[in-house]
Amino acid sequence: MVVITYNKNELIKLIGKKLNDKQLVELIERFKTNVEEISENEIKVEHTSDRIDMFSIEGFAKTLRLFIGLEKPKKPKFRDFGKSLLVKKVKARPYALAFVVKNVKIDEEFLRSLMNIQEVLHLTIGRKRRKIAIGIHDLDKISFPIVYEEANKKEKFTPLGYFEEMSLEEVFEKTEKGKEYADLIKKFERYPVYRDKKGIFSFPPILNSERTRVTTKTKNLLVEVTGIDETTVKQTINILAFSFLERGFKVYSLDIKKGKKKIKSLENRWEKFLVRKEEIENLLGIKLTSKRIVKILEKLGYLAKVKNNLIEVEIPPYRIDILHEWDIIEDIAIGYGYENFEPELPNIFTKGSLSKEEEILNRIREIMVGLGYQEILTPVLSSKEKQFKRMGIKEKEVVEIENPVSNEYTCLRISLIPSLLYFYSKNKHREFPQLIFEIGKVVHLENKKPIEKNYLAFGISDSVTKFSELRASISFLFKLIWKKFEIQEAKDKRFIEGRCGKIFVNNKEVGIFGEINPEILENWKIEMPTVIAEIDLSFLFK
Amino acid sequence: MKEYRLTEEGKEYLEKGLPERRLIELLKEEPDHFIKMEVAIKKIKNFHIAIKWAVEKGWVRIKNGGIELISIPKEFPEEEALKKIARGGKVSEEMIRILKRRKLIEEVILEKEELEKKLKGKEVSELTHQIIKYGIWRVVKFKKFNVRAEGKKEYPGKIHPYIQLINLVRQKLLSLGFKEVNGPLVELNFWNCDALFMPSDHPARSIHDIFLLKNPKFGEIKDKKVWENVKKAHLNGFNTKSKGWGFWDENLAKRYILRSHGTAVSARTLAKLKEKDLPFKMFTIAKVFRPDVIDAKHFIEFDQVEGIVVAKNLNFKHLLGFLKEIAVEIFGVKKVKFKPSYFPFTEPSVEGYIWLKDFGWTEFGGAGIFRKEVTYPLGIKYPVLAWGLGLGRLAMQILKINDIRYLFSDNLDWLRNKEVIIW
């Protein structure tokens, strides 16, 4: 999700029709976009990450204008600028494209929207400038011919927003953007630059030059995109070129020379898709005439014509989200209006069932509740500190997170006993006795494989030890679940010596119980005698 | 009208003092009011009784393997009571209960005639076994009870409110003919993302959206065919006529993560689905994890309800039909509306809204038809309707809470006093 704030009046002006707030919101919400806030001057819109072409105010307005029929889609003409960009071998970012925009009128508002769209494209399709980076320059400050190539680290230029010359290397140290994006290219021997007769005028993906700064006095623009992925660079250049066209500016293609190849930077290639009427009916469950389908597709900005039972659809180059016939059919559904679909249940019969595992756990819950224990719920996420250190036991391998957001949650729990003790430590001033239980997942790591198990733990904390009550609960529980069990005396640091037992079913250890060692109670700052039993319920699911 | 007399133990304490008195006196003599456990055990007869009562009354505490005196009692009411009872006097009901519990007194059981003579025409407060058995209730009056008195507070065990809610949702989905399925918490990126056609560099796969594991780091996908198919779907669309993404990061797909959405369970289920299982409807209540800020609306561990419907000839209208039915059944609302949405794995995609009196139109879940790039590689040739709901909002609404952290509440009073769900 990407949230973008637009100048509302600018948006309405670009749409080209007077709309009140209600109408505007209604129109926007016919798409995947949602309006988060609307005020006198601003509108805050939540976009989905597939429709990157709608992020710019121009692209957004175009989509809305086409939808209300103020414009019919047509293929624009990109003229030839007649000059070229030479793209040499650049290891760090091999792909580069650029185009020219002439006779622009730039006011503060437009300048801001230019900055906004660069920023949001860098963040989204650019994956924080890794995949692509955009530079927009004052064309009249550039002397052709221009070349995109590798430069020596020591070469100098004046970065945008700075007043001194610095070497490319120094840019990493001395500028904010340099620090932020250094990781993207610093590891390479030589760095990517754009160069004209006067020297370096852009250092992608870090900074443009002060020399080619765009101001409200700028008349003509050079827009360049560099990146590590050819398709993404092309997609970005198309989205930008169409945005400028939308403003009514003239957009010119450059000749891109790369090795022996020579291409136009703006190919204006509208990909053809054949959409089957039958597939539309099958997927959407509605019957539409070919004429209606074409009309809807035009509202969504496609060029479409009927070919027998097929619709030939031409996709605007900025619609980079279209991968498959179904993507176009979804747009037909949007054009048709989701509110016009009659929800319907299919004529099929299926038998419902509940997971046996969950149902067995529910039976255990009922028994525990009957015994007077209150159910508690705690996170599966835990920390080694809670699982081992505070329990006084030796650390072992656990499922551990690489990117935790808090010291409290860095691994998955292997036992529920810390969960119960944590709970007791938080309830020192509530009425005693406190009988609690939890049924939950623990995850062990065995031979580098995660093993998930359902555990039950229950405890009694009171002013006097309730060992015998706990022991009685164990017997009762096993009786009610049809299981014979045996108890063996056990030694475990978590429990007072001589007051700890292990539980066995069919000679397999399934649990442990006892009175918690005062040393452990102290670790958790618990001041009441506490007895706990923990049982691995896996034996119930075999 | 009961009568009591001292037991042997009661007589002994009347004579020699209660064990806890002896413990307190011993402690008083110690310089720092502290005594080692072993020493106390040796010196005090009936030590376990002494310590139990001294702790319960808050006179001493156990510390560093010994006993510490924390407050010196002014009197020992039990001793006074024993004296009174020995003289045939009366003590409070509460004291009777305590002395009976300590087995220091016992009830004197009178013969029928004796009892009848004693009680006839009198007002009794307690109806006893003997009064019923001997028919004496015919000749006595019963003392009036205060029916307005609150009575003694009790905390019965209860099922956690959130589990009650989850069970409610499970019952509702059962009634709609869905089969419950489970999947692992520790998941492979492959099932969580790649099998769902999320490109390797999709923003929702970043470290800000998914918990990657440091240990274990990599796993294997056993079904090599599915592995190859998914790879092709990413590279060139497999046999779906899709363009695909043109790239795929194989190593990323092998990484272990914590499941970030319930849809991973749907992907696993589809991979195992056979023709004979159709038509098929499943749901899962999946615990999921996301590296989010922790506040009133977000926790890094929460649950999602997800489901799929697989059958021949399903379409978008059926998707809306199911989504509406589920909303009506679970949320108990009448009005539902839909709007376009985006999920990387469905096309078309839809967001569902319900009308709530207090909140207006409220989003309750998302749905869509799985893309062919998702279903074909898993061997499914039929349309798959997929839907998902967040439980958080439902929980907040039904349990009347305004902070999601209540679902993991560490407040025992809240859990003890929280009303049961009636929905």
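Helices and strands here are DSSP runs, numbered from the N terminus.

First, what we have. This is a predicted model, a complex of chain A and chain B. The predictor gives an ipTM of 0.93 and a pTM of 0.86. Chain B averages a pLDDT of 91, and 100% of its residues score at least 70.

Now the layout. Chain A is split into domain 1 (2-67), domain 2 (79-264), domain 3 (271-339) and domain 4 (356-541). The C-alpha centres of domain 3 and domain 4 of chain A are 58 Å apart. Chain B has domain 1 (3-110), domain 2 (111-152) and domain 3 (161-417). In chain B, 62 Å separate the C-alpha centres of domain 1 and domain 3.

On to the interface. On the chain A side, 89 residues make contact, and they meet 98 residues of chain B. The buried area is about 8,000 Å², with 59% of it from carbon and sulfur atoms. Which residues of chain A lose the most area to chain B? They are A:Leu323, A:Tyr338 and A:Leu377, together 9% of what that side buries.

Next, the second largest pocket. It holds about 1,500 Å³ of space. Of its 42 lining residues, the closest to the centre are A:Glu515, A:Met528, A:Pro529, B:Val55 and B:Ile62. Chain A elements giving two or more residues to the lining are helix H14 (467-480), strand S26 (495-505), strand S27 (508-516) and helix H15 (518-523). From chain B, they are helix H3 (37-43), helix H4 (47-56) and strand S3 (60-63). H4(B) gives the largest share, 5 residues. By class, the lining has 19 nonpolar, 10 polar and 13 charged residues.

Last, the backbone. Most residues other than glycine have a negative phi, and most peptide bonds are trans. Back to A:Arg127: its phi is positive, near 45°. Then two cis bonds. One joins A:Pro204 and A:Pro205, with omega about 0°. A:Pro205 is in the loop between strand S11 (199-203) and strand S12 (207-208) of chain A. The other runs from B:Asn215 to B:Pro216, with omega near 0°. B:Pro216 lies in the chain B loop between strand S10 (213-215) and helix H11 (224-236).

Technical notes. Residues numbered from 1 in each chain as written. Chains lettered and ligands numbered in written order. Predicted model: local features only at pLDDT ≥ 70, side-chain atom pairs only at ≥ 80, totals over all residues. Heavy atoms only, no water. 1 Å grid on protein atoms, 1.4 Å probe; cavity = no way out; pocket = protein on both sides within 12 Å on 5 of 7 lines; lining within 4 Å. Points joined across faces, edges and corners; volume = space filled by probe spheres on them. Helix = DSSP H or I, 4+ residues; strand = E, 2+ residues; numbered from the N terminus. Nonpolar A, V, L, I, M, F, W, Y, C, P; charged D, E, K, R; others polar. pLDDT = per-residue confidence, 0-100. Domains from an automatic or database assignment. Contact = heavy atoms within 4.5 Å. Buried area = accessible area lost by both parts, 1.4 Å probe.
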